[in-house]
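Please read these points with the model open beside you.

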Amino acid sequence: MAEQANDIEATEAQAGFEAEGSTVLIELEKGQTGLGFNIRGGVDNKYLPNDPGIFVTTIKSDGAAAKDGRLEQGDKILQINGIDVTSVKHFEAVQLFHKSKDRVDLLVQKGVTSRENDDEEEFEEQPPYPQESSYSPWFKYVVAAAIGVVLFAYVVKKRF
């Protein structure tokens with residue numbers, strides 16, 4: 001019985017199947033259509049309520065990921081080119097993909113989730129996110145108020 005189970009595991013490994021929850025290193029070469037998958041998640045935009053990780057949500061049929069066959073919807077990306085992305089902001093993960101030249105090395109945990117039909121972030125066709133501002137969230141309101149005061153003073157001065 002145990003030998004039969006080992007034979008099944010060996011056959012699956014030879015065929016490219018990985019057990020759910022296992023960790024796999026996947027090397028993808030960017031093709032003309034890019035890497036060909038969408039991601040969601042990050043500490044700032046969690047895909048799963050209790051997990052800030054980055055998840056594969058869709059595989060495009062004409063992309064490098066589909067041609068390779070190992071990356072699947074529901075896989076959790078642990079590293080991008082050796083950089084840990086288990087607790088990064090979404091745009092940081094996207095930027096790592098954009099910075100990649102022709103090849104991307106992904107360390108993924110297989111089959112973490114199977115959520116479907118969500119709005120996905122397609123990092124390949126989106127422009128890179130702007131750098132995060134170090135200004136306070138109230139800064140834009142203070143600037144807008146200051147501009148308003150200057151304009152008001154200008155209009156009042158013109159009338160008198």
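How many bridges join β3 to strand β4, and in which sense do the two run? The points below start from there; note that this is a predicted model.

1. Strand β4 covers residues 76-80, and two bridges join β3 to it. The two strands run antiparallel. To find this pairing in the model, look at I54, whose bridge partner in β4 is I77.

2. On its other pairing, β3 (residues 54-59) meets strand β2 (residues 37-41). Here there are five bridges, again in the antiparallel sense.

3. K76 deserves a look of its own. This lysine lies in strand β4. Is K76 buried or exposed? Its relative accessible area is 11%, and the cut-off for buried is under 20%, so K76 counts as buried. Leaving aside neighbours within four places in sequence, K76 is in contact with D51, G53, I54, F55, L107, V108, Q109 and V112. I54 in that list is the residue whose bridge partner is I77.

4. The count of aromatic pairs comes to two. In one of them, the ring centres of F37 and F97 are 5.6 Å apart and the planes are at 80 degrees. Planes over 60 degrees apart count as edge-to-face, so this pair is edge-to-face. The pair links distant parts of the chain, since F37 is in strand β2 and F97 is in helix α3, 60 residues apart. F37 is buried, with a relative accessible area of 1%, and F97 is buried too, at 2%.

5. Y47 and F55 form a pair whose ring centres are 5.6 Å apart. Their planes are at 40 degrees, so the pair is tilted. Both Y47 and F55 are buried. F55 is also one of the residues in contact with K76.

6. Why is helix α3 described as largely enclosed by the rest of the structure? Seven of its 10 residues are buried, and the description follows from that. The buried residues are H90, F91, A93, V94, Q95, L96 and F97. They pack against β2, β3, β4, β5 (83-84) and β6 (103-109). F97, listed here among the buried residues of α3, is the ring that pairs with F37.

Note on methods. Residues numbered from 1 in each chain as written. Predicted model: local features only at pLDDT ≥ 70, side-chain atom pairs only at ≥ 80, totals over all residues. Heavy atoms only, no water. Pairing = 2+ DSSP bridges. Helix = DSSP H or I, 4+ residues; strand = E, 2+ residues; numbered from the N terminus. Buried < 20%, exposed > 50% of the residue type's maximum accessible area, 1.4 Å probe, protein only. Contact = heavy atoms within 4.5 Å. Phe/Tyr/Trp six-rings, centres within 6.5 Å; stacked < 30°, edge-to-face > 60°.
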